[in-house]
Amino acid sequence: MLLVATAGTRGGKPSKGGIMFKKYAYAWITVAFFLFSLVGHWMFGWFAFVGEQQSHGQAPDINAYLMEMSRDTFENWQSEFLQLLWQVVGLAYFLYIGSPSSKENDDRTEAKLDALIRLNAGEKGEAIIAEIDEHFMRTGGHAGPYEHELEMRRGPHRTGGAT
């Protein structure tokens, strides 16, 4: 993980590529695992295919190998990958777009909290709400992963200067 923390820095600031790697690290790691397993599947499949062809006294035929491995790969994807993809990505997508069956009632709670901040903070209320929204990457209409950089800069103080 040291690579994730130090990759793509320029003059102490992360470069655009470093930010893209850090922001989507889970996706990049998943792609790497996927490619590694796919290459391993096809490589060991070739060794098994060659062994099987030799046991029958035949020379390995690349076209027969490609047809057999393609069939096996798509069979695995159909039974495992697509099922898992729909369960994880599909359900996450419906949660993200706010499906009534999966969306929690966070909007009402958030509106109440914003109103309380405005009441108690007076003129500073909007600035405090904007700072919280930026901190939790809520400015684009949806929450992002938690960023704790703000706490590191400010120290033990809470948002809006309250202690």
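Q: What is the area of the nonpolar surface patch made by Phe-81, Leu-82, Leu-84, Leu-85, Val-88 and Val-89?
A: The model is predicted: local features need pLDDT of at least 70, side-chain atom pairs count only at pLDDT 80 or more, and totals for chains, interfaces and linings use all residues. Residues are numbered from 1 along each chain as its sequence is written, and side-chain values use heavy atoms, without hydrogens and water. A patch takes residues with over 30% relative accessible area and no salt bridge, joining like charges within 9 Å and nonpolar side chains (Val, Leu, Ile, Met, Phe, Trp, Tyr) within 5 Å. The six residues together form a patch of about 520 Å².

Q: Is Phe-81 buried or partly exposed?
A: Phe-81 lies in helix α4. A residue is buried under 20% relative accessible area, exposed over 50% and partly exposed in between (1.4 Å probe, protein chains only). Because its relative accessible area is 39%, Phe-81 is partly exposed.

Q: Which element of the chain has the highest mean pLDDT?
A: pLDDT is the predictor's confidence in each residue, from 0 to 100. For the chain its mean is 76, and 67% of the residues reach 70 or more. Among the elements, helix α1 (residues 2-6) has the lowest mean, 45, whereas the highest, 92, belongs to helix α3.

Q: Which residues does Thr-73 touch, not counting those up to four places away in sequence?
A: Thr-73 is found in helix α4, and it is buried because its relative accessible area is 6%. A contact requires heavy atoms within 4.5 Å. With residues up to four places away in sequence left out, Thr-73 touches Leu-38, His-41 and Trp-42.

Q: What is the N to O distance in the salt bridge of Glu-126 and Arg-118?
A: Side chains of opposite charge can pair when their charged atoms come close. A salt bridge places a side-chain nitrogen of Lys or Arg within 4 Å of a carboxyl oxygen of Asp or Glu, and a search of the whole structure finds 2 of them. Glu-126 is partly exposed at 46% relative accessibility, and Arg-118 is partly exposed at 38%. From N to O, the bridge between these side chains spans 2.4 Å.

Q: Which residue forms a salt bridge with Asp-72?
A: Asp-72 counts as partly exposed because its relative accessibility is 21%. At a distance of 3.0 Å, N to O, its side chain meets that of Arg-71.

Q: Why is the pair of Trp-46 and Tyr-65 edge-to-face?
A: Rings of Phe, Tyr and Trp (its six-membered ring) pair if their centres lie within 6.5 Å; planes under 30 degrees apart count as stacked, over 60 as edge-to-face and the rest as tilted. The structure holds 7 aromatic pairs. The ring centres of Trp-46 and Tyr-65 are 4.9 Å apart, and the pair is edge-to-face because their planes stand at 85°.

Q: Which residues form one aromatic cluster?
A: Trp-46 in helix α3 and Tyr-65 in helix α4 link distant parts of the chain, 19 residues apart. Trp-46 is partly exposed at 29% relative accessible area, whereas Tyr-65 is buried at 6%. The aromatic cluster is formed by Trp-42, Trp-46, Phe-49 and Tyr-65.

Technical notes. Helix = DSSP H or I, 4+ residues; strand = E, 2+ residues; numbered from the N terminus. Areas by Shrake-Rupley, 256 points an atom, 1.4 Å probe, with all protein chains shown as cover.
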